[in-house]
Amino acid sequence: MKIDLSKLSRRQWLGVALAVAGSGALPVRAFADDDDGDSRGGTSGILALAPDGPSARVVVVGGGMAGATAAKYLRLWGGAGVAVTLVEPTPAYTSNIMSNLVLNGRMTVDQLRYTHDELAVRYGVTLRTAAVSGIDAVNRMVTLDDGSTLSYDRLVVAPGVEFMPAYGLTAADYESRTPHAWQAGPQTALLKQQIDGMRDGETFVMTIPLSPYRCPPGPYERACLVADTLRSTGRGNCKVIVLDENAGIQAEAHNFTRAFQSIHVRADGSPIIDYRPGVTGIMIDPVTRVVTYDNGAVTLNAAVVNPIPPHRAGGIGSGSLDENDDGGWFARTGLNNSGIEAVSPNFGRWALVDVRSYESTAVPGVHVIGDASSCGLPKAGHVGNQEAKICADAIVRLLGGGQPDPAPVANSACYSPITGSTASWLTAVYQFDPASSRMRVAANGGSIVGAGAVEAGGISTRNYNQMFTWFNALMGDTFA
Ligand SMILES: Cc1cc2nc3c(=O)[nH]c(=O)nc-3n(C[C@H](O)[C@H](O)[C@H](O)COP(=O)(O)OP(=O)(O)OC[C@H]3O[C@@H](n4cnc5c(N)ncnc54)[C@H](O)[C@@H]3O)c2cc1C
């Protein structure tokens, strides 16, 4: 099918992005707002934006997968009159997606870095290198950690996640001894170093928190890659023990079960991965690397421990991992109203939003996208990119005096490397469910009753190669 991108409306563009994303052919080259079919996109790299749209100030908090996409598409679809400021503390974003491939040496952390320069140069997004430390939702103003303030007409909040107190570990433990590496960066490099240092016969223990957590297939993918790395480097007598707090594998159950039982096996057929679901009461000694669970009934001696702690929207706590944390900027704004995903004893974990606009149901004028929101979609980078487009479209409509799309559709696509040369994938289309006011998986034909995500029919090298096309297209659509 040949599509003339210059003739598409915003709504049609969302549909095309959904359709081609699964095929790994998401167009990277962006184009200007075009509800009347007249493309204003340039070819030189600097876009001429529509001069006749609404005038407004939008501040976007967080330049990760969701925030960077929102900033770009607010400019593209809003036009020159929508001034967008992106507030992000780090000069370059490190992608979590593909970061498990650092562990087997296929990629480096440096290769996963993306700056926001293109958003400024090509789309005219104003960049502020700072962290938001407070939101005054009444006077529509945010405070930055350098003491300055920014006024907004609409605020988009996309801070990702922060990690919660668990397993008796401190923030310093994760940074120096028992890395979670669930936020790609120095901990990813540390975990790789620890895996590289394992001797044949030693044990790797990882933990998986209760859902919802970021990237449902990610932990199982990691277990596969660690097992593959150990076996392919002459350490096939090692064990990879996976302690899952969930009752079973949370995504791609068929392919991961196959991988655990028949791909990652020793010459005698015995499995390297020992998957243990429904585990409770995990405690970890970061010095001795002794792991206990089921209230001390089971003890494991590990050479490397990789605990993925439960997480919640970024900024709910003060970042201390202290049980008595009295709340950070996200919680002080009242955004953590959580809805049905609240399981934290101290705070609601996520922001409940109206999924037609991603506007918080608790705080008017503030939209929450990406992992921080609670909306029925999985917490994933591809999904954050989709949520950002629905949100940007809704904001542009609202600024122009209109209403958000009453029936948004979103797609989720994800590739999971299983070995150093093969992968599986998972995809689903979600639609707005008026009965629950959340996004639900849609089956072919539009029914949402009983529909589920679809996983690859097999694990293959073809999937592995397509994974890089998908990844590059997604990152190009987000940051360039
Ligand atoms: C190992 C691993 C593998 C994964 N693989 C996949 C995959 O294959 N496919 C997929 O779709 N997803 C994958 N994910 C999930 C994906 O990375 C996340 O779902 C995605 O990054 C969420 O996007 P986000 O914008 O909500 O948060 P992030 O991408 O984390 O971005 C949040 C941004 O907000 C900034 N920020 C935080 N606090 C503030 C503040 N106070 N002020 C300003 N800025 C702030 C941060 O610096 C950060 O840049 C994976 C995750 C992991 C850990």
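His264 touches Cys224, Ala227, Asp228, Ala259, Ser270, Pro271, Ile272, Ile273, Ile418 and Thr419, leaving out residues up to four places away in sequence. Contact here means heavy atoms within 4.5 Å. This is a predicted model: local features need pLDDT of at least 70, side-chain atom pairs count only at pLDDT 80 or more, and totals for chains, interfaces and linings use all residues. Residues are numbered from 1 along each chain as its sequence is written, and side-chain values use heavy atoms, with hydrogens and water left out.

Where does His264 lie? His264 is in the loop between helix 8 (253-263) and strand 13 (273-276). Helices (H or I, at least four residues) and strands (E, at least two) are DSSP runs, numbered from the N terminus. The relative accessible area of His264 is 0%, so this residue is buried. Buried means under 20% relative accessible area, exposed over 50%, and partly exposed in between (1.4 Å probe, protein chains only). A polar atom of the His264 side chain lies 3.0 Å from the backbone oxygen of Ile418. A polar contact is a pair of N or O atoms within 3.5 Å; within protein, one must be able to donate a hydrogen and the other to accept it, and residues adjacent in sequence count only if both atoms are side-chain atoms.

Now to the core. The largest nonpolar core has 133 residues, and Val240, Phe330 and Tyr358 have the most contacts inside it. Such a core is a set of buried Ala, Val, Leu, Ile, Met, Phe, Trp, Tyr and Cys residues joined through side-chain atoms within 4.5 Å. Helix 2 (residues 65-78) gives the most to this core: nine residues. Domain 1 (5-163 + 312-404 + 472-479) and domain 2 (171-309) both contribute residues, so the core lies between them. The domain bounds come from an automatic or database assignment. Beyond its neighbours within four places in sequence, Val240 is in contact with Phe204, Ala223, Val226, Ala227, Leu230, Ile272, Ile273 and Asp274.

Helix 7 (218-232) comes next. Of its 15 residues, 13 are buried, so helix 7 is largely enclosed by the rest of the structure. At 1.5 Å a residue, helix 7 should span 21 Å, and its end C-alpha atoms are 21 Å apart, which agrees. The expected span is 1.5 Å times one less than the number of residues. Gly234, with a positive phi near 75°, follows helix 7.

Some backbone details stand out. Most residues other than glycine have a negative phi, and most peptide bonds are trans. Ser211 and Pro212 are joined by a cis peptide bond, with omega about 0°. Pro212 sits in the loop between strand 11 (203-208) and helix 7. Arg289 is not a glycine, yet its phi is positive, about 60°. Arg289 is in the loop between strand 14 (283-285) and strand 15 (290-293), and is partly exposed at 22% relative accessibility. Asp294, also not a glycine, has a positive phi of about 50°. Asp294 lies between strand 15 and strand 16 (298-301), in a loop, and is partly exposed at 34%.

Which of the 32 residues around it come nearest? They are Glu88, Tyr93, Arg214, Asp371 and His382. A residue is near a molecule if one of its heavy atoms lies within 4 Å of it. A ligand oxygen is 2.8 Å from an N or O atom in the Arg214 side chain. A ligand oxygen is also 2.9 Å from a polar backbone atom of Ala66. For His382, a backbone N or O atom lies 2.9 Å from an oxygen atom of the ligand.
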